[in-house]
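Hello,

Here is the structure I promised to pass on to you. Please open it alongside this note, and then read on for what turned up.

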Amino acid sequence: MTKESTSTNNRLGDVHAPSVLIIISGGVSAYKALDLMRMLKKAGIRTPAILTKGGAEFITPLSVSALSGEAVYTDLFSLKDEQEMGHIRLSRDADLIAVIPASANMIARTTHGMADDLASAVLLAADKDVQFYPAMNPQMWANAATQDNIRTLRKRGIEVIEPDSGEVACGEVGKGRLPDIEAIYHSIINKLSLSQRTLPLSGKHAIVTAGPTYERIDPIRFIGNRSSGKQGYAIAGALARQGAKVTLISGPTALDAPHNVKTLHVESAEEMYKAADSALPCDIAICCAAVADWRVDNQSNTKIKKQEGPEGPALTFTENQDILKYISTHPNKRPAFVAGFAAETDNVSENAQQKLLRKGCDALLANHITDADTVFGADENKILYVSAAKNEAQTAPHCEPWDKQSKHGVADMLVRKIIQQLEKAAPLNHTSPITTKLEAI
Ligand code: CTP
């Protein structure tokens, strides 16, 4: 199979956008291809798609085209599709072809060189790298027929990615789950060799703090808070997807580390500060952690026993280093963009503006806490985005209310702001179709 590293033709006029042809075959996990297409689109990668007959049993052509913003192809013999783009051109225009999910049937048909539907004809005519992401029942995966087919495909140069183990849609447990979408995203980015050259934040280092801190009282007790870490983890993932090298410094949370992110686990504010200081220098710092303002300076090495009488133990406190302020005001390692978060119960705008000035950061994302249960641990967030005055004519910080949205949505909006701000200071990546990317995010 002849391999080319770049496509020669695309439909975006003078801006070359990398393109992955996504073939969606039948399987319950077909809907996950939609999430993947959304992520790739945000990175400025085009995702024309072919939905097989089996795939169309699980998702509709309309949902695919709505997400990709491109035509979705379904039928080899559709006159309209053949006029617009023949099946040969479909594979020629892509930089990579990814089959997600790849059903056992799709794998078998490709192995035997079938060409009686659009997906298999495109694969037979392909002159680009092809990746298969299988997802199926564990018995179907383990079956000798499937395993023989996979060996054949691999011998022919097709990359077949091992599925994950766990409970599959039918309730059986074993190998056959589609890998995590973030993992697929990074595998595609690596395959396209984009991380080094075309993503907007390639070559940038970002530090993100997330989660709560635990301040030890004795070996058993601590003072903590209700931060879940979800917002910080979402930001770390979104920065990594735009090509940044990310160091996530996390207090104790129940979350899995995001893909392609170096995650350092800490407990106390002091450990978080030391980890952040050692991770400097960076270009971007996002302080999302709910850091304890004080630590107990008379911690006990043994369990404090209940005292006789009404008074509790006499704890004394020392103030912790303010990590956000430390990074924002660093004399020689001040990152180009620093942002913090603020949870406020009243006077949100006024408090947030004052906090931004006090901490010296470029932006502060403020939450109005009316009911703590709806913020801590929740999947959605409502933000007032406060940014520092841009010039001397504008004296006060600028406030921009964002719609209530998922924490991933907030992360994407913040990353878009970061890209815009860095782009103003210095063009980020001349090889990247940055305008396309910003529109897409
Ligand atoms: N922050 C930090 N280090 C600290 C305290 C806070 O990095 N020791 C960061 C948080 O990660 C957050 C921002 O500062 O991004 C605001 O935190 P907040 O607790 O609201 O700030 P405080 O200065 O403690 O203000 P308040 O008096 O409202 O608690």
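Let me begin at the ligand: one of its oxygen atoms is 2.5 Å from an N or O atom in the side chain of Lys 355. That is a polar contact, meaning a pair of N or O atoms within 3.5 Å; within protein, one must be able to donate a hydrogen and the other to accept it, and residues adjacent in sequence count only if both atoms are side-chain atoms. The backbone takes part as well: a polar backbone atom of Cys 287 is 2.6 Å from an oxygen atom of the ligand, and a polar backbone atom of Gln 321 is 3.0 Å from a ligand nitrogen atom. On its own the ligand has 570 Å² of accessible area, and the protein covers 77% of that. Such areas come from the Shrake-Rupley method with a 1.4 Å probe; for residues, only the protein chains shown count as cover.

Which residues come nearest to the ligand? They are Cys 287, Ala 289, Phe 341, Lys 355 and Lys 359, out of 13 residues around the ligand. To count as near, a residue must have a heavy atom within 4 Å of the molecule or strand in question.

Before going further, a word on how to read all this. The model is predicted, so local features need pLDDT of at least 70 and side-chain atom pairs count only at pLDDT 80 or more, while totals for chains, interfaces and linings use all residues. Residues are numbered from 1 along each chain as its sequence is written, and side-chain values use heavy atoms, with hydrogens and water left out.

Now the overall picture. The protein has 15 helices and 22 strands; these are DSSP runs numbered from the N terminus, helices being H or I with at least four residues and strands E with at least two. Of its 441 residues, 51% are buried, where buried means under 20% relative accessible area, exposed over 50%, and partly exposed in between (1.4 Å probe, protein chains only). The accessible surface comes to about 20600 Å², and carbon and sulfur atoms account for 51% of it.

β17 pairs with strand β14 (residues 284-287) in the parallel sense over 4 bridges; strands are said to pair if DSSP finds at least two bridges between them. Within that pairing, Ile 286 has Ala 339 of β17 as its bridge partner. β17 also runs parallel to strand β18 (residues 363-368), joined by 6 bridges, and there Ala 342 stands opposite Ala 366. Between β17 and β18 the chain passes through helix α13 (residues 348-359), making a right-handed β-α-β crossover. Right-handed here means that, with the strands pointing away from the viewer, the path from the first strand over the helix to the second runs clockwise.

There is also an open sheet of 6 strands with parallel pairing, in the order β3-β2-β1-β4-β5-β6. Its edge strands, β3 (72-73) and β6 (159-160), each pair on one side only. Strand β5 (residues 129-134) and β6 run parallel and are joined by 2 bridges, with Gln 131 partnered by Glu 159.

Helix α9 (residues 181-191) is worth a visit too. Its buried residues include Ile 181, Tyr 185 and Ile 188, and the buried residues of α9 pack against β1 (20-24), α1 (30-42), β4, β5 and α10 (230-241). At the N-terminal end, Asp 180 caps α9, with a side-chain oxygen 3.0 Å from the backbone nitrogen of Glu 182. After α9 comes Ser 193, whose phi is positive, near 55°.

Finally, some backbone details to look up:

- The peptide bond from Ile 100 to Pro 101 is cis, with omega near -15°, and Pro 101 sits in strand β4 (residues 96-102).
- Leu 280 and Pro 281 are joined by a cis peptide bond with omega about 5°; Pro 281 lies in the loop between α11 (269-279) and β14.
- Asn 260 is not a glycine, yet has a positive phi of about 60°; its place is the loop between β12 (245-250) and β13 (261-265).
- Asn 347, in the loop between β17 and α13, has a positive phi near 45°.

How values were computed
Contact means heavy atoms within 4.5 Å.
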